[in-house]
Amino acid sequence: MSTVVRRGWVEERKTDRSGGLVCLASHGSEAAVRWKSVQQSAEDMWQNRVGLDVSNQLRTSLEALVATFPLEHPHYPASYGLADASITGGNGVDWKPVYRSGTDTVSNLPLSALVSQALVAFAMQYEELSPVAFSLSASVIRQMPAEGRPLRDLGRSPGVSALIRHGFVHTSGPSGREIARLTTRGLEVHRLYDTRIHTVETSWQRQFGKDRVAALVCSLGEAGMQQGSRHLD
């Protein structure tokens, strides 16, 4: 909250009661007005990149799956906080669930919101099995080679710092040229990553139906192939 206030996006207003109100400031209001057009432009660019058929296939599979979720998950996959990259922050006691309501909760959403809801739902189940957040498991631990990586390539994000602080990654070498490597705890997360992913996928098949999950996996694969082929052109 302090960051968005400092940057002039929101402002806190005192009330007569003990609490206060959080309102959009001028910069925040301008960003809110621009957001839909920026989001649509990004979706149009992505659709042009992968093709209309692939984009429609992905949207159809996401709508069919997300509509079965009992909760309305965030439309942007934000983590619990800077120091905790997990979705729910442990037991998630600070989050209030938003139950899905209405007959159609998906068709009017942008594609990014559908992707986010699926990603958040998947991450929540993965993180019940893993001591490391899904985002860090996939982007850092899973990508770490046996010989390690220069710490500067990983960056000094709070997530990387947390992995070091909690003993999943250790560093060695002179300042500015440190090498990051997985510890025994990190290697265990790396070893079990595929197993945990398979466990969540199997659970989804039971919860939401094998056909829905298979359709989403297929459409994501097609989108990935098209995205990759465009980069090679």
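**Briefing on a predicted protein chain**

At a relative accessibility of 9%, His73 counts as buried, a word used here for residues under 20% relative accessible area, with exposed meaning over 50% and partly exposed lying in between (1.4 Å probe, protein chains only). The model is predicted, so local features need pLDDT of at least 70 and side-chain atom pairs count only at pLDDT 80 or more, while totals for chains, interfaces and linings use all residues. Residues are numbered from 1 along each chain as its sequence is written, and side-chain values use heavy atoms, with hydrogens and water left out.

**Overall build**

- The secondary structure of the protein chain comes to 9 helices and 5 strands, where helices (H or I, at least four residues) and strands (E, at least two) are DSSP runs numbered from the N terminus.
- Along the sequence, these elements follow the pattern α-β-β-α-α-α-α-β-α-α-β-β-α-α.
- The C-alpha atoms fill a box of roughly 55 × 50 × 40 Å, taken along the principal axes, and 33% of the 233 residues count as buried.
- The protein chain exposes about 14600 Å², of which carbon and sulfur atoms supply 56%; accessible areas come from the Shrake-Rupley method with a 1.4 Å probe, and for residues only the protein chains shown count as cover.
- Among contacts (heavy atoms within 4.5 Å) between residues at least 6 apart in sequence, 62% join residues at least 24 apart.

**His73 and helix α4**

- His73 is found in the loop between α3 (52–66) and α4 (111–127), and, not counting residues up to four places away in sequence, His73 touches Arg100, Gln117, Val120, Ala121 and Met124.
- Because 13 of the 17 residues of α4 are buried, this helix is largely enclosed by the rest of the structure.
- At 1.5 Å a residue, α4 should span 24 Å, and its end C-alpha atoms are 24 Å apart, which agrees; the expected span is 1.5 Å times one less than the number of residues in the helix.

**Nonpolar core**

- Of the 39 residues in the largest nonpolar core, Leu163 and Trp204 touch the most other members; such a core is a set of buried Ala, Val, Leu, Ile, Met, Phe, Trp, Tyr and Cys residues joined through side-chain atoms within 4.5 Å.
- At least two residues of this core come from each of α3, α4, α5 (134–141), α6 (151–154), α7 (158–165), β5 (179–182), α8 (184–208) and α9 (210–232), and α4 gives the most, with 9 residues.
- Leaving aside residues up to four places away in sequence, Trp204 touches residues including Leu65, Phe69, Ala118, Phe122 and Leu216.

**Aromatic rings**

- The structure holds 7 aromatic pairs, meaning rings of Phe, Tyr and Trp (its six-membered ring) with centres within 6.5 Å, where planes under 30 degrees apart count as stacked, over 60 as edge-to-face and the rest as tilted.
- The rings of Tyr126 and Phe134 have their centres 5.2 Å apart and their planes at 55°, so this pair is tilted.
- Tyr126 is buried with a relative accessible area of 0%, and Phe134 is buried with a relative accessible area of 13%.
- A cluster linked by ring pairs takes in Phe69, Phe122, Tyr126, Phe134, Tyr193, Trp204 and Phe208.

**Sheet**

- An open sheet of 3 strands runs in the order β3-β5-β4 with antiparallel pairing, and two strands pair if DSSP finds at least two bridges between them.
- The edge strands, each pairing on one side only, are β3 (149–150) and β4 (169–172).
- Over 4 bridges, β4 and β5 pair in the antiparallel sense, and Val169 stands opposite Leu182 in β5.
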